[in-house]
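Here is a brief report on the structure below.

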Number of protein chains: 2
Amino acid sequence: MRWGVLLAGGSGTRFWPLSTPSHPKQLLPLAGTQSTAEAAVARLDGLIPRERLLVVTGAALAPRLAEALRIPPENMLVEPRAASTGPALIWASCEAARRDPDAEVLSMHADWSIADEGAFRTTATLALDAARTHDRLVTVGMVPSRPETGYGYIVPGAPLDDSARNVARFQEKPDAATALDLMAAGALWNSGLFAWTVTRLLAEVAQHTPEVAPHLTLLDEGRVEDFFAALTPVSIDVGVLERSRRVAVVRGAFTWDDIGTWEALTRVRPKDPSGNVVAGPGFAHESSDCILWSSGDPIITSQVQDLIVVHANGRILVMPRERSADIKKLLDTLPPELRDLQ
Amino acid sequence: MRWGVLLAGGSGTRFWPLSTPSHPKQLLPLAGTQSTAEAAVARLDGLIPRERLLVVTGAALAPRLAEALRIPPENMLVEPRAASTGPALIWASCEAARRDPDAEVLSMHADWSIADEGAFRTTATLALDAARTHDRLVTVGMVPSRPETGYGYIVPGAPLDDSARNVARFQEKPDAATALDLMAAGALWNSGLFAWTVTRLLAEVAQHTPEVAPHLTLLDEGRVEDFFAALTPVSIDVGVLERSRRVAVVRGAFTWDDIGTWEALTRVRPKDPSGNVVAGPGFAHESSDCILWSSGDPIITSQVQDLIVVHANGRILVMPRERSADIKKLLDTLPPELRDLQ
């Protein structure tokens with residue numbers, strides 16, 4: 001049967017001061033009125049029932065997520081520590097296999113904004129079918145809309161059928177020139193939407209992932225803490241997909257955004273005629289291409305461009321839009337009494 | 001005897017959203033821990049006692065000012081409407097004359113920042129003495145530190161004694177090139193610090209100020225409302241000083257700032273090594289030449305320059321420092337529910 005795995009970790013820093021450890025971005029209505037985590041679950045309606053959806057997250061976040069998503073407690077997989085996507089997805093796949101040895105898994109992140117739900121379900125179904133039919137680990141590739149240097153790229157290889165192709169190679173976070181070349185050559189963004197049968201995933205892990213594979217017996221014994229203590233953190237991309245020869249790609253036919261920074265709101269939120277995104281009380285006077293986000297007091301900007309201004313959780317942040325990826329560096333510098341939020 | 005007149009009007013817009021109609025800038029501790037109005041009164045210690053200090057202001061502000069400044073109620077002159085500086089100073093001079101026909105008046109604004117109190121008192125004494133000795137209306141001129149286009153300039157003429165000279169002419173708000181020429185020619189800023197005997201002032205008004213002079217009998221009858229209704233608003237500079245031939249100038253030997261805009265805080269407040277003024281909780285990270293003012297939540301800026309960021313009275317304002325003179329235009333544009341503060 002089909003199982004879903006929702007990766008819902010995150011330290012809550014990218015959207016500081018709006019996001020906090022107990023309220024990270026997947027619980028915020030960044031793209032609309034629904035949080036991205038709620039939207040991710042709703043998107044699976046008709047494809048995967050809630051009782052076959054496993055949510056991998058951290059302790060700080062688990063109670064709030066379980067409540068928001070109405071997920072059965074036994075389906076909340078609480079990581080004792082963050083160890084990248086490899087252990088999380090391998091653990092969740094083992095858990096699916098324990099309950100259903102013939103399980104197919106569709107894995108995704110809780111912080112995506114996806115515009116066309118129907119196209120998402122069509123793509124997900126194609127990916128799950130390709131995983132079973134071709135006995136491959138299947139990744140969904142998105143057609144790039146810009147030469148993004150923050151993503152991984154997939155170079156497709158030989159066709160397997162009308163919708164699936166082998167993967168020739170992966171290219172993680174290219175420089176700008178390489179990103180342009182990759183776009184021109186038809187490479188796709190690695191979205192993080194994956195499909196596989198648990199049988200195939202665990203076979204590939206056993207063969208290729210020494211960081212995790214030797215410790216899987218601990219999981220069989222129910223020793224989750226020991227498993228996480230023993231393993232070496234590794235991403236699913238580096239630890240499995242880039243090493244395996246049984247990887248295929250299906251092209252995603254929907255609009256996808258991982259809303260990785262404040263900047264991303266300009267892609268998923270409506271803009272005024274001057275290109276400003278104003279969420280919450282605010283007024284952008286003779287200002288252009290700004291993001292005003294207030295869950296507190298009204299924000300008034302005048303005669304400024306390309307700024308992010310946020311009021312949330314008792315903090316006001318002002319920074320250039322194009323530097324929104326630097327928030328972690330800023331937080332490393334901030335005095336703790338200004339930085340730390342509940 | 002010496003009397004003081006403190007002009008303490010103001011609509012409370014220049015420092016929006018910190019300043020409000022009931023709490024305009026002269027009641028804010030803009031330059032330090034004391035409000036400029038309190039500092040103005042304290043500065044007169046030993047020169048003019050509080051019981052001979054008249055405060056001209058509006059109804060919205062009078063109670064708060066009387067309390068903050070501990071001024072006797074009979075010394076609060078509440079204008080029924082704002083009518084520029086001419087009627088205010090003429091009224092206050094008449095009031096001083098009524099109580100003391102031989103009064104000398106020193107008039108000043110409540111929103112000044114003055115660094116050297118001793119030098120201020122020395123200058124004020126020189127101005128009062130010159131007013132009496134030479135029977136002149138005396139204005140104190142400040143040596144310009146920049147070609148400011150927002151001020152009026154005084155071109156000094158023939159000397160009257162070691163410290164006082166006649167005024168050759170006034171030049172109101174010159175363009176930038178003219179301001180440079182005026183600076184080079186030794187012109188002084190018209191500070192608004194004036195000294196005169198009430199006898200001389202009222203004689204000059206009778207001769208030169210048809211906007212106000214014919215209505216002074218209403219004041220004699222105690223009909224203040226009728227006086228303000230009948231007169232035509234005019235500044236003391238245009239209505240009296242520029243028309244009179246009995247005007248002298250004394251050079252001010254102190255540092256003076258009228259703190260007319262947010263920008264002015266960079267002149268009267270300490271700056272960090274990157275030129276930022278941070279008042280209240282805040283942190284300027286890789287930012288330079290910014291003004292962060294919070295009487296609310298901490299303000300964090302990152303990688304921005306030359307911005308004003310304010311959190312006060314439930315509003316957040318972000319604008320370029322060099323546009324701080326445009327706040328009135330901004331307020332004209334803002335929806336009332338965002339603009340209006342208590």
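## A parallel pair

Strand 12 and strand 14 (residues 291-294), both of chain A, run parallel and are joined by three bridges. A:Val277 has its bridge partner in strand 14 of chain A: A:Ile291. Strands are DSSP runs of E with at least two residues, helices are runs of H or I with at least four, and both are numbered from the N terminus.

This is a predicted model: local features need pLDDT of at least 70, side-chain atom pairs count only at pLDDT 80 or more, and totals for chains, interfaces and linings use all residues. Residues are numbered from 1 along each chain as its sequence is written, while chains are lettered from A and ligands numbered from 1 in the order in which they are written.

The open sheet has six strands in the order 12(A)-14(A)-16(A)-17(A)-15(B)-13(B), and its pairing is mixed. Two strands pair if DSSP finds at least two bridges between them. Strand 12 (277-279) of chain A and strand 13 (282-285) of chain B are the edges, each pairing on one side only.

## Chain A

Chain A holds 12 helices and 17 strands. Its C-alpha trace spans about 60 × 45 × 35 Å along the principal axes. Of its 342 residues, 50% count as buried (20 or more other C-beta atoms within 10 Å of the residue's own, C-beta atoms being placed from the backbone).

## Two copies

Technical notes: Buried ≥ 20, exposed ≤ 12 C-beta atoms within 10 Å, placed from the backbone.
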